[in-house]
Amino acid sequence: MKDLLKKIDLEDHGGFVSGICQRSGKRIFLIYSGSRLTLQYDFGNSPGEEATGLTCFDGCGMSAMSWPEHYCEVLKVKLGEAVSESDIEAAQTLIRPYIDDYKKIFDDYLSDESDMEFDELCEKYRELKSSVEECVSEMVLDLQSMRGTDDTAANAYYEMGVFDDMVTPDMTDDQIQEAALYAVFVGGDPFHPEEIADALINYRERLLDELEAQALPTNEA
């Protein structure tokens, strides 16, 4: 386990994790199914420094708008549950012209000489959001494209019929955790390793229940 952790350089970002994919040598980022990894731009920052990095939206708050968004100050660009460094770089390059254009508008709005009304700023913000979302929707994200629509680790493994190849009744939780990390960062499975571990543990418990039921004596009539 220690050797594997050293190779993948696992990092916990609070809500999502990242590590080095052993196939590509690139860092990949993963979040639980139902949430989204998100690029955030803060237009209150200096020009060129709007990007505040990768963050996340949880599933229950996907449509909620925080106060910086309400005041057209922050843009959150949803990517997917699994993205690579290359995906992030490509997205940032693709939407940068829209970000730069809006940043000029936002700075003008805040200037003392501005006569722009807030409603006009809101309209420009909606145009920005629409253009950026259209750009990102047309991207083919390497890892995300490997997942089915609204897929989860458990559903994917059931459909592929690979649970019996990944877990046995006698595996410990530590062994399952290592198997999950291996599946992601060596095998290339585009799911959060803890989500995979949870699915494997649940399947192990099912196997143990079946073994226990088979061991029970039967009542003969």
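This tour moves through the structure by selection, from a sheet to its salt bridges and then to a charged surface patch.

The model is predicted, so local features require pLDDT of at least 70 and side-chain atom pairs count only at pLDDT 80 or more, whereas totals for chains, interfaces and linings use all residues. Residues are numbered from 1 along each chain as its sequence is written, and side-chain values use heavy atoms, with hydrogens and water left out.

**Stop 1: the sheet**

Select β1, β2, β3 and β7, which form an open four-stranded sheet in the order β1-β2-β3-β7 with antiparallel pairing. The edge strands are β1 (11-12) and β7 (82-84), each of which pairs on one side only. Strands here are DSSP runs of E with at least two residues, helices are runs of H or I with at least four residues, and both are numbered from the N terminus. Two strands pair if DSSP finds at least two bridges between them.

Next, display β3 (residues 27-31) together with β7; three bridges join these antiparallel strands. Within this pair, Leu30 stands opposite Ala82 of β7.

**Stop 2**

The structure holds 11 salt bridges. The term denotes a side-chain nitrogen of Lys or Arg within 4 Å of a carboxyl oxygen of Asp or Glu.

Select Glu11 and Arg27, which form a salt bridge whose closest N and O atoms are 3.7 Å apart. This pair links distant parts of the chain, with Glu11 in strand β1 and Arg27 in strand β3, 16 residues apart. Glu11 is partly exposed at 34% relative accessible area, while Arg27 is buried at 10%. Buried means under 20% relative accessible area, exposed means over 50%, and partly exposed lies in between (1.4 Å probe, protein chains only).

**Stop 3: Glu81 and Arg147**

Now select Glu81 and Arg147, whose side chains meet in a salt bridge (3.6 Å, N to O). Glu81 lies in the loop between β6 (74-80) and β7, and Arg147 lies in the loop between α4 and α5 (153-160), so the pair ties together parts that are 66 residues apart in sequence. Glu81 is buried, at 5% relative accessibility, and Arg147 is buried as well, at 8%.

**Stop 4: within helix α3**

Select Arg96 and Asp100, which both lie in helix α3, four residues apart, about one turn of the helix. Their side chains meet in a salt bridge (2.7 Å, N to O). Arg96 is partly exposed at 24% relative accessible area, and Asp100 is partly exposed at 31%.

**Stop 5: the negative patch**

Finally, select Asp115, Glu117, Asp119 and Glu120, which gather in a patch of negative charge on the surface. Patches are made of residues with over 30% relative accessible area and no salt bridge; like charges are joined within 9 Å, and nonpolar side chains (Val, Leu, Ile, Met, Phe, Trp, Tyr) within 5 Å.

Glu117 is in the loop between α3 (85-110) and α4 (118-137), and it is exposed, with a relative accessible area of 55%. Glu120 lies in helix α4 and is partly exposed, with a relative accessible area of 40%.

How values were computed:
Areas by Shrake-Rupley, 256 points an atom, 1.4 Å probe, with all protein chains shown as cover. Lys, Arg positive; Asp, Glu negative; His and termini not counted. Charge placed at Lys NZ, Arg CZ, Asp CG, Glu CD.
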